Amino acid sequence: LIIPFFDKSGEMIAFQGRSLEPNNPVRYITIKITENECKLFGLEKMDESKPVYVVEGPIDSLFLDNAIAMAGSDLSSSCNLNSDTEFVIVMDNENRNKEIVNKIERFIKKGYSVCIWDEKIRQKDINDMILSGMSAEDVQASIESRTFKGLQAKLALNKWKRV
C-alpha cells in the first residue's frame, strides 16, 4: 500500500509504503521528497480552528475527525505547529512499551494534551479497535473523554502504565 503525504498547500512531500503482510519485519518505509518538510500525514485537510488529533499512523488518522499522523511516534523538529492550535497526541495503546510511555511523558512536558486510553480498551491501535467492532464514533468519543493535560495527564499516565 502506498500512502502519499501532502503539505498544507497540497504539494506532495513524502510517501509511505506499508506492507500488508502480517509477518513482514519491515512493515513501513517512508521516503521524503523534500527533506526540510515536516513528515506529517493529513496536513492538507487539517482544520487548525478545531482540536487536531495527532496519531502515530496514517491509517489510524482516517477514522478520526480532524486527525493527522506522525508516520511513526515522533514530531520532528521541522514540524512548526501553530501554537494557537490545540493538538491532542494520541499514541498507540501500548502501556507496557517503555518507549511509548517515555514519548507520552515528553509530550506532556512540552505542554500537549494527550490521550491516555481507557484500561478497558485492549486493542493496540485505532485500526485494531475498528477491526474489533468499535465504531469510529466510539473511538473518537473514547479519545475525547480520555484527553488530559498537565498534572492530570501525568496522573492518568502513571495509572495507565501500571495496568
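## The largest pocket

Helix α1 provides three residues to the lining of the largest pocket, the largest share. At least two lining residues each come from β2 (12–18), β3 (28–32), α1 (58–61) and α3 (126–131). Helices here are DSSP runs of H or I with at least four residues, strands are runs of E with at least two, and both are numbered from the N terminus.

In total, 17 residues line this pocket, and R27, Y28, G57, D92 and K124 lie nearest its centre. A lining residue has an atom within 4 Å of a pocket point; on a 1 Å grid over the protein atoms alone, a pocket is an open set of points where a 1.4 Å probe fits, with protein on both sides within 12 Å along at least five of seven lines.

## About the model

This is a predicted model, in which local features need pLDDT of at least 70, side-chain atom pairs count only at pLDDT 80 or more, and totals for chains, interfaces and linings use all residues. Residues are numbered from 1 along each chain as its sequence is written, and side-chain values use heavy atoms, with hydrogens and water left out.

Just after α2, G111 has a positive phi of about 95°.
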